Amino acid sequence: MSDGQPLLEVENLTTTFSTEDGTLTAVDGVDFSVDTGETVCIVGESGSGKTVATESITKIINTPPGKIEGTVRYKGRDLLSIPGSELRQIRGNEIAHIFQNPQEAMNHCYTVGWQITEALQIHQDVSDEEARTKAVDLMDRVGIANASSRFDDYPHEFSGGQKQRIMIAMALVGDPDLLIADEPTTALDVTVQAQILELLDDLQDEYGMGILFVTHDLGVVAQIADRIVVMYAGKVMERGNVLDIFDNPTHPYTQQLLECLPEFGGTGGGIPGTLPDPHDPPDGCRFAPRCEYAEEACRTGEQPEEVEIEPGQWVSCVHYGPGGDPSVIGGEEFGIAGDTGAADGDSEVGPADD
Amino acid sequence: MATEGSERFDQVDWSDLSRSGRFDLSINSIGMLLTTLPLALLAVYDTQFIGDRTPTFEFIGLDRTFEAVDFFFIFTLFLAFWYLVLPLYQNPRMTRYYWKEFRRNRPAVVSMVWLGIVFVGGIIGPLVMSAPQQELLVAYQPPVFTSVVESTPATCVGEVMNGRCHGTWEYPLGTTNAGRDVFTMIVYGMTISMQIAFITTTIVATIGITFGTLSAYSGGWVDEIMMRFVDIILSFPTFLMFLLILYIYGGGLGMFIVVFSLFAWGGTARYVRSKSLSISEEEFIKASRISGASTYQVIRGHVVPNVASSIITQLTLLIPGFLLFEAQLAFLGVGDSTVPSWGQLISAGRSDLSYAPWIVLAPGIVLFLTILAFNFLGDALLDALNPEAEAESE
């Protein structure tokens, strides 16, 4: 934004669901922001609350059972407190979504053309012909061959990759300023994935929109992201510039995520353990039970405050906080150093014992 | 369920009821309005300005009286034309696909031809054929190609050979005890059957779909109350209710249709509710909400069209029940004996069964075939419109 205000600013976003087993906290006090023309990736394991966080932004989560708290400022307006009719004006028009599974996100009763123009006709005063022209243009733009004749085809007549392109066209039809892409390439094979990512990149340059990209694939992150938000069990572990984080991952979770990637010099061994029970998250740092550097201080109190260790790079870890000792985590140089780091770490802090 | 807290009925922004923000109507709606308007005016004219006994079309010299049922029947015909037939023409690809699927079911195609005959006969028949008149002289004429003992008919119209009276083309299905032509009466009965089929379907579909989707989307205690109300409707002794109304107000065809369709939508509502619930969990509903669609737009644009295919089938299978019920009531003598329905004809011929069986058999067979045809049609529609359901049932 012109006045230095980010396009989207999420502060202390908390989404809970009331279930029969008590309250489930899917997203717990998450902060991040997206600027115009910037791509921000939310990464993390499945079940970290990435999708819930993005769907909370435009209140797509059903409430009840969901409950969304915090502030989501979009161009200075708090989306969580504006009335539903205003929110609907923003959805699809200014903030658009792309879904993980294009197969299911299309209504098989209608032609793809109908579905692309849906958002346009809801929000803008356009005639059917204008809507059609725009949709055909977009279909052409996203790489559907013979767009004008395929406008009247039904979703089942498209391949998976084509459907994802149609989904992108559906999202772009309202000229959004913010595009939320929820694992848009997960259902696709790598070649198509690369094409889609490239397409998104081109479109971003063309339309100048901010992209909030959710993925668990760090390879994708490396390709497209400007900044990263690493989420784990509903909390932000680390956030910052993509290069900084890839070069110098500070949080043990980020380090271990990168370690899982053979192409970044990792062992590809995975992270031992599983996500904590969202009904009853552990005290202290959420990652402590699986963290090899966890100390007593990590297992008590709340998730540590985020600390800015480099300009723009924030981390939520006891070892970087006041009274902590960053050298405990041997992640100074990433790669083989990770192993060294493990060796350097205090021997009493072994892998989580629970 | 999916409603935002602020969105209550009284706060609905009526401008977003159409899919696009502005007030534009589809060709279907325009056609519907243009055809319904004269009908409504005619209905007002008929009820307000001319006497009950004066024929509706006296001003153009036509001796035909329209009653409420007729007006409503024509309204449902318009509805079916603009929102069922015309869309099929507008989407030739879907139509071809459905037809391809439908055609595989041979009995259903035959059934459709039969129902087409009944439909066209019911619409055009009364316009081109004069109502059967009582002519005691020609009572008990046998159908063509058959013969009865000469003493049965009052006077034999056809040839008398070997003491047997043969049927003639003048009365192809014979005549009743009052000398009315059975064929003409069957054609007039087609109108009644079609009126029952169309009007009950419209009423049941309207109430059932509205009630079902509202219930599914309200959720919580509203849903609970609405569904318990459906339970009451389903367990209501409609027949006794009808007898009571008959006793107090006297029952015509209109009363039959209204009473029975007002108590028949329970199953449809329940079905629509369960379907809507499962559809509202689909990802494309979320996609539509993310595109900024309001709850009404989601229901109207995505839920109802997805429910529609199952509903059409369900309604088709509901019609035979009504037809059969009307015939049963008529046979028991509970119906309105001035209504020329098949049931009344069967009822009238019941005492002559031993020597003039055609009076019962002809309308009975027609009724049987029609009900069978509706059942076949429903089955085929299920397969054509909703292949998943077929897979589920196998």
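**Entry 1: chain B at a glance.** I kept in mind that this is a predicted model. I began with burial in chain B, where 38% of the 394 residues are buried. Next I looked up the secondary structure of chain B and found 14 helices and three strands. Among contacts with a separation of 6 or more, 68% join residues 24 or more positions apart.

**Entry 2: the sheet in chain A.** I then turned to chain A and traced an open sheet of eight strands. I wrote down their order as E6-E7-E8-E3-E9-E10-E12-E11, with mixed pairing. Which strands stand at the edges? I found E6(A) and strand E11 (307-310) of chain A there, each with a single partner strand, so one side of each has no neighbour in the sheet. I noted the twist too: it averages 20 degrees from one strand to the next.

**Entry 3: strand E7 and its neighbours.** I picked out E7(A), which covers residues 178-182, and looked at each side of it in turn. Strand E6 (residues 95-98) of chain A runs parallel to E7(A), and four bridges join the two. Here I saw that Ala96(A) has Leu179(A) as its bridge partner. With strand E8 (residues 210-215) of chain A, E7(A) also pairs in the parallel sense, this time over five bridges. Leu179(A) turned up again, standing opposite Ile211(A) in E8(A).

**Entry 4: is E7 buried or exposed?** I asked this of strand E7(A), and five of its five residues are buried. I reminded myself that side chains in a regular strand alternate between the two faces of the sheet. I therefore checked each face separately. On one side of E7(A) I listed Leu178(A), Ile180(A) and Asp182(A), and on the other Leu179(A) and Ala181(A); all are buried, and both faces are covered.

**Entry 5: helices around E7.** I followed the chain from E7(A) through helix H7 (residues 190-207) of chain A to E8(A), and the three make a right-handed β-α-β unit. I also looked at helix H6 (residues 160-172) of chain A, which lies across E6 and E7 of chain A. Helix H6(A) runs at about 170 degrees to E6(A).

Entry 6: I found one in strand E10 (residues 235-241) and strand E12 (residues 313-315) of chain A, which pair over two bridges. In this pair, Glu238(A) stands opposite Val315(A) of E12(A).

Note on methods:
Residues numbered from 1 in each chain as written. Chains lettered and ligands numbered in written order. Predicted model: local features only at pLDDT ≥ 70, side-chain atom pairs only at ≥ 80, totals over all residues. Buried ≥ 20, exposed ≤ 12 C-beta atoms within 10 Å, placed from the backbone. Contact = placed C-beta atoms within 7 Å. Pairing = 2+ DSSP bridges. Right-handed = clockwise from strand over helix to strand, strands pointing away. Axes fitted to C-alpha atoms, helices over the stretch in contact; angles between N-to-C directions.
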